[in-house]
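The exercises below are meant to be worked through with the sequence and the model side by side. Try each task before reading its solution.

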Amino acid sequence: SARLALEWIGPRSLRVRYEAPASSTPRRVCDTWRLRDGEAIYGLLERLTDSESLFSDPRLLEIWPREVGGLDLRGQQIEMFVLPTLGLYAPLHLSSAGYGLFVEGSYPGSYDLGASDADELRLCYETGADSVSRAFSYVLFAGTPAQILDAYTELSGRPFEPPEWAFRHWRWRDEH
């Protein structure tokens, strides 16, 4: 048995926290969500697809992405840990059903976005042995994509605007 705590942290933001009993040390926590027909999943990484093999050059799929699907990641499996690629990973996904989900923490995880079961989104994250890392939490955001990103950046930090000089022309050495 585990403790489930819900906390409203904003008008459209709900923190969900699972806390394992002190007597147990779970190695992994998973959550499964039912996907609607035609529901699209966006986010998680700054690339069109996750690398399929650690033994081949992982940048190849960034240069030649799959022809169909674009930014919709439904039907893929994504490992959530840092890989030596050109892209970045962030444990935030947005759904065309009007919600976003941001996993708090830095432990490795994985997402099955309808690859194993076309009707399920499953996310699993490793946990640690101490009381802090035994807990697993995520934040649910509701609204339009713009509202979700606004609430997410309010929580995680707003991007900064570069100084004005950064938008001016650049001149390289030995070029006129």
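This is a predicted model: local features need pLDDT of at least 70, side-chain atom pairs count only at pLDDT 80 or more; totals for chains, interfaces and linings use all residues.

**Exercise 1. Find the order of the strands in the open sheet of six strands, and say what stands at its edges.**

Solution. Step one is the order, which is β1-β2-β10-β7-β6-β4, with antiparallel pairing. Step two concerns the edges: β1 and β4 each have a single partner strand, so one side of each is left without a neighbour in the sheet. Step three is the twist, which averages 20° from one strand to the next; axes here are lines fitted to C-alpha atoms, for helices over the stretch in contact, and angles run from 0 to 180 degrees between N-to-C directions. Inside the sheet, strand β6, residues 89–95, pairs with β7 in the antiparallel sense over four bridges, and H93 stands opposite L101 in β7. Helix α2, residues 145–156, packs on the sheet and touches β1, β2, β6, β7 and β10, contact being heavy atoms within 4.5 Å. The direction of helix α2 makes about 140° with that of β10.

**Exercise 2. Work out the order of the open sheet of four strands, and follow the pairing of β8 with β9.**

Solution. The four strands are arranged in the order β3-β9-β8-β5 with antiparallel pairing, and the edge strands β3 and β5 each pair on one side only. Neighbouring strands of this sheet are turned by 10° against each other on average, direction ignored. Between β8 and β9 the antiparallel pairing runs over five bridges, and G109 stands opposite Y125 in β9.

**Exercise 3. Locate the disulfide, and decide which strands C30 and C124 lie in.**

Solution. A search of the whole structure finds one disulfide, defined as a pair of cysteine sulfur atoms within 2.5 Å. The disulfide is formed by C30 and C124, with their sulfur atoms 2.1 Å apart. C30 lies in strand β3 and C124 in strand β9, so the pair ties together parts that are 94 residues apart in sequence. The torsion about the S-S bond is about 115°, so the disulfide is right-handed. As for exposure, where buried means under 20% relative accessible area, exposed over 50% and partly exposed in between, with a 1.4 Å probe and protein chains only, C30 is partly exposed at 31%, whereas C124 is buried at 8%.

**Exercise 4. Classify the aromatic pair of Y18 and Y138, then that of W33 and Y99.**

Solution. The structure holds eight aromatic pairs; rings of Phe, Tyr and Trp (its six-membered ring) pair if their centres lie within 6.5 Å, and planes under 30 degrees apart count as stacked, over 60 as edge-to-face and the rest as tilted. Y18 and Y138 form a tilted pair, 6.4 Å centre to centre with 55° between the planes, and this pair links Y18 in strand β2 to Y138 in strand β10, 120 residues apart. Y18 counts as partly exposed at 23% relative accessibility, while Y138, at 4%, counts as buried. W33 and Y99 form a stacked pair, 5.3 Å centre to centre with 15° between the planes. W33 lies in strand β3 and Y99 in strand β7, so the pair ties together parts that are 66 residues apart in sequence.

Note on methods. Residues are numbered from 1 along each chain as its sequence is written. Side-chain values use heavy atoms; hydrogens and water are left out. Helices (H or I, at least four residues) and strands (E, at least two) are DSSP runs, numbered from the N terminus. Two strands pair if DSSP finds at least two bridges between them.
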